[in-house]
Amino acid sequence: MSLQVRDVMGRVAIAVQREAPFAEIVTAMRRFAVGAVTVIDADRHPVGIVSGDDLLLKETDPVRHSATLFESPGEREERGKAAGLTAAQLMTHPAITVTPATPVREAARLMHEKKIKQLPVIDPVTGRMTGTVHQQDLLKIFARPPEELLAEVAEVVRDEVGLDPASLSIGLEAGIVTIGGHVARRSQSVHLVQAVRRVEGVIDAVPAVTYDRDDIVTPPFR
């Protein structure tokens with residue numbers, strides 16, 4: 001079973017309005033102990049994100065200087081944020097969002113690629129913000145009960161790889177799955193390890209599987 005954002009998200013929509021002043025944004029961040037807040041419009045649609053880094057530009061001397069002839073687009077944006085007084089002026093936009101049905105893996109990929117630590121969760125029909133998913137929420141997948149994780153590994157072995165889990169020895173310790181046993185072909189062994197590694201909550205899969213026939217052809221070096 002693939003975990004979705006709804007399984008780990010926070011039900012509190014940590015957000016401020018576009019008109020929210022600087023001090024209100026700071027208060028919201030401190031109240032919820034977060035590093036960023038979502039900026040929403042009057043209909044609760046996310047329009048941007050204000051992070052702690054955006055606020056700290058107020059104290060960064062270089063961006064307080066006047067514009068120069070050789071100013072880059074990034075420097076111009078930072079200078080504008082440093083002068084900003086409201087959420088609309090301070091935010092980075094557009095807001096990157098997910099829905100409750102977004103796979104946890106996809107949410108984690110977005111956070112990694114965009115270098116962000118939280119995402120607003122929106123209703124897929126109305127587009128309104130319904131909650132927030134934080135980086136620490138996604139880490140919950142690595143705290144799944146061992147029996148639940150082993151049951152899903154066995155299911156993947158049976159349904160995706162086509163092997164009988166009872167014919168293999170499958171162990172779990174600290175999120176690392178060890179797989180022992182014997183299969184007919186090397187390709188089955190490779191497929192087995194790859195499938196188990198994709199199970200959410202598995203940190204790694206360590207194979208100790210023997211096989212009768214090597215059916216993986218390695219092209220010769222030229």
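Which residue in S3 does alanine 36 stand opposite? The answer is in the second view.

**View 1. The whole chain, for orientation.** This is a predicted model: local features need pLDDT of at least 70, side-chain atom pairs count only at pLDDT 80 or more, and totals for chains, interfaces and linings use all residues. Residues are numbered from 1 along each chain as its sequence is written, and side-chain values use heavy atoms, with hydrogens and water left out. The protein chain has eight helices and eight strands (DSSP runs numbered from the N terminus: H or I of at least four residues for helices, E of at least two for strands). Out of 222 residues, 37% count as buried, meaning under 20% relative accessible area with a 1.4 Å probe, protein chains only. Take the contacts (heavy atoms within 4.5 Å) between residues at least 6 apart in sequence: 61% of them join residues at least 24 apart.

View 2. Three strands line up here in the order S1-S2-S3, with mixed pairing; two strands pair if DSSP finds at least two bridges between them. Strand S1 (15-17) and strand S3 (46-51) are the edges, and each has a single partner strand, so one side of each has no neighbour in the sheet. From one strand to the next, the twist averages 35 degrees. Strand S2 (residues 36-40) pairs with S3 in the antiparallel sense over five bridges, and here is the opening question settled: alanine 36 sits opposite serine 51 in S3. Helix H1 (residues 22-32) lies across S1, S2 and S3 and runs at about 125 degrees to S2. Axes are lines fitted to C-alpha atoms, for helices over the stretch in contact, and angles run from 0 to 180 degrees between N-to-C directions.

View 3. Strand S6 (residues 169-173) and strand S7 (residues 176-185) pair in the antiparallel sense, with five bridges. One spot to look for is serine 169, opposite glycine 180 in S7. The two strands form a hairpin with two residues between them, and alanine 174 in the turn has a positive phi of about 55 degrees. S7 also runs parallel to strand S8 (residues 204-213), joined by nine bridges. Valine 183 has tyrosine 211 in S8 as its bridge partner.

**View 4. Where H7 meets H8.** The axes of helix H7 (residues 146-161) and helix H8 (residues 186-197) come within 10 Å and cross at roughly 135 degrees. H7 and H8 are therefore oblique to each other. On the H7 side the contact is made by Val153, Val156, Val157, Glu160 and Val161, and on the H8 side by Gln188, His191, Leu192, Ala195 and Val196.

View 5. Alanine 195 is found in helix H8 and is buried, at a relative accessible area of 2%. Setting aside neighbours within four places in sequence, alanine 195 is in contact with Val156, Glu160 and Val161. Alanine 195 and valine 156 are 39 residues apart in sequence, yet 6.8 Å apart in space, C-alpha to C-alpha. Glutamine 188, also placed in helix H8, is buried too, with a relative accessible area of 14%. Not counting residues up to four places away in sequence, glutamine 188 touches Val161, Leu163 and Val183.

Key:
Parallel < 35°, antiparallel > 145°, perpendicular 65-115°, else oblique. Buried < 20%, exposed > 50% of the residue type's maximum accessible area, 1.4 Å probe, protein only.
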